[in-house]
Amino acid sequence: MPKNAEATEFVALTPSAKVKTVRHGWRAKCLQRLIRLDMPVPETLALPVETVRAIAAGVLPDTAAIVAHFGEDFLVSVRSSPENPEWGGPGTVLNVGMNDAMHRKLADSHGHEAADALYLRFVQSYAVHVARLDPDMFDGAPGPGALRAALSAFETEMEAPFPQDPARQLAEVLRSMARAWEGTTARLLREAKGAPSDAVLGLLVQRMALGVGPGVSGSGTMQFVDSVTGMPRITGRFRGQSQGRAAAPDTLYLTHDPRGPALEDLAPAAFEELRHYGAICRARLREEMQIEFTVEGGRVAVIDAVRVARSSRAAVKIAVALAEDEVISREDALLRVEPRALSELLHYQVDPRGPRDRFAIGIAASPGAAVGRIVFSAAAAQASAARGEPCVLVRRETGPEDIRGMHAAVAVLTERGGMTSHAAVIARGLGLPCIVGCSDVQINWRERSLHGPRGRVFHEGDQITVDGTNGEVLAGVADMLEPALDDGFRTLLRWAETVCDIGIRANADTPDDARTARMFDADGIGLCRTEHMFFDEDRLTVMREMIFADTANDRRVALERLLPMQRADFIALFDIMAGQPVCIRLFDPPLHEFLPHDREGLRDLAEALGRPLSEVTRRVEALSEFNPMLGMRGVRLGLTVPEIYDMQARAIFEATVEASRRGAPVVPEVMIPLVSAAREVEIVKTRVDAVAAAVRTEMKADFAYRLGVMVETPRAALRAGEIAEHAHFLSFGTNDLTQMTYGLSRDDAGRFMSAYVNQHVYAEDPFHILDVEAVGELLLMGASRGKAARGDVTISVCGEHGGNPESIAFCRAAGFDYVSCSPFRVPVARLAAAHFALLAPRQRV
């Protein structure tokens, strides 16, 4: 064969060989780096992607030349080497070249038992993966007569003896692996992992390091950090008298262990050599690596090295440790941690090492995991919490009346809903594990039971585990990992903050939310939904009295009772945020949400108000709307029942004065919801300015405040220029804006959204990933027109999209000033923004 043809078909891995990841794959490049580090890597040839494609098309390389390259005693393994290790690849085939002659040689040098085991393993692998024979015929364990039986079965099925020519064996193995890569199933699997449809494969032919023989011999893996925690720890296994990852009866521990013999005890020199190689990999490859090795008679061979598989908490720990040891830069450490992975560190998680009895799966709406007893109502959740019993609130779907129950529960599970349903949004704000849209289960209210697939039934009081990270509902009590808010986590966030070039605020409705926001170093509160403050028992009664008031004066009297409660809420928020901006949205929901709808609740309300049941029923029915989300809510309520906004404005300004007197100066931001016309803003602004003037006079104090608009309707985005003339800021509420742009109910879309995504109607769920084509265009249009009318107007996003990395990229490019998201998503948003700042300079779309 001409030399240039050989160079094209394969290349020997040497320190100076021209090996590229895009041509020869990641494993070839990794092995070359190990060779450059003077590690004992067995002789290896790399077949580039062109050769492998030709093999799949039926054009074989000169396998005789490959055999000749290795010389006598040809015995090799063939390994896959895709461009990206995440894409997988055909399994390794060991002992290629094994035949009767080689068997006799190995029997003389290693003994008949070892030779039989090696030959048997190759016959079994070749028969199943190359000749595609029935696996059941070749699953026999090593032992007397096993090799003879396997060779006989092969000859019977193939009507020919087992091939003895090493070149032919190698050719068939290469052909099988190349075609396996091109197969439909393999292509779909790697595309699901992010590989392009034309992803390429390289193949490696490596001289066998047997791992069998006299003395301490075998194969194993060794890594130097824990895959779950990221803490320094030598883990792995050493399998005596074995190859690859095959099970072996004499498995040894690596380090001293009272449970059994260890490699460190039996072969201390080999153990120290491996530990030395691990340290070299960390320092020179700038990564924590798992080393695959063999030991034969005390001699070490490094077969492969791969990046240590790691949990999210381990990824943070490893990246920070490498940076602190100056192995990598801080910027590199930030880029090595996937932003979404931080969610797993903030909450309890199901331990991946423990058993999982999954009985249902839904949409993972809020990360974390919790164990609790099933309850089916908010009242039952409160009662359970009062007894000190953790509970899981299970509902068909949640509404405002369930908020107290959600506060009492440790997790939430709903049959219906999507990523922006009521349960999902509130749970993320509270940091509760939550699964929504779990159509695998059905609630039987009469029996107080939960019915799952395959006839499984759980009753109220039974314990279940909700894994909101993976969307899985588990029976019983699962093993848990505690949150990992340790020094490594805080260090990474501190580094992220130094490079982040867009503000990250938190949506916070309560003092607890505000404390969480401060804990994660949020840049302020971007959305405080004041209506959530009215659902406490003492306030709800007063709120209902206000709703049933017959005159404006009666409403004002009821609201005066709510005023000190609201003022106390705002003082608490201002004190906690210590001078950071706090954006308070005025009352938004329709009034009927504060009223009962069942007969028992109506009777209790009539008794509390001292009114006839018939009158209460008529008033509740009169307040009902055909489409309440598009009805009397937001600024429309503020214009028709102005006393509500007057009370809230007074509470905000009185709290501003009080908090400023005893702490950092406060400049509150007052946000008007659901605006669609500039005139709405003018009217509300006039009243709010009047309240501010009155408070300044009464309290003999001066203060500043900023008035803005929550842009949630398409019309508001289109008329943003006119609206911005009366507003200091425009904050896009992308939850409702998406809902109105699509004409979709975010609470009901979960029923069919998966079908739409699967059929490529939508690329993603628009309530989960911001639709940059349509909703994004409205954001760009609104921001541009608002800036044109008022150059100093602040532009932001305060919907749940604000915590989504893809949405943050869009907002950065669009020149937005900040995004606001649930408190527990602040770290995710911060790290995502840091990634974008490091990877691309900020440019406007």
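Trainee: Which residues does Phe-653 touch, not counting those up to four places away in sequence?

Mentor: Contact means heavy atoms within 4.5 Å. By that rule Phe-653 touches Val-670, Val-688, Val-691, Ala-692, Val-695, Phe-703 and Tyr-705. Keep in mind that this is a predicted model: local features need pLDDT of at least 70, side-chain atom pairs count only at pLDDT 80 or more, and totals for chains, interfaces and linings use all residues. Residues are numbered from 1 along each chain as its sequence is written, and side-chain values use heavy atoms, with hydrogens and water left out.

Trainee: How many residues are in the largest nonpolar core?

Mentor: A nonpolar core is a set of buried Ala, Val, Leu, Ile, Met, Phe, Trp, Tyr and Cys residues joined through side-chain atoms within 4.5 Å; buried means under 20% relative accessible area (1.4 Å probe, protein chains only). Here the largest has 129 residues, and Leu-342, Phe-653 and Leu-730 have the most contacts inside it. Another core, of 55 residues, lies apart from it and includes Val-93 and Phe-138.

Trainee: Why is helix α17 largely enclosed by the rest of the structure?

Mentor: Helices are DSSP runs (H or I, at least four residues), numbered from the N terminus. Eight of the nine residues of α17 (residues 422–430) are buried, so the helix is largely enclosed. Among the buried ones are His-422 and Arg-428. Gly-431, with a positive phi near 75 degrees, follows α17.

Trainee: Where does pLDDT stay under 50?

Mentor: pLDDT is the predictor's confidence in each residue, from 0 to 100. The chain averages 91, with 98% of the residues scoring at least 70, but residues 1–7 stay under 50. Where pLDDT is low, the predicted coordinates should not be read in detail.

Conventions: Buried < 20%, exposed > 50% of the residue type's maximum accessible area, 1.4 Å probe, protein only. Helix = DSSP H or I, 4+ residues; strand = E, 2+ residues; numbered from the N terminus.
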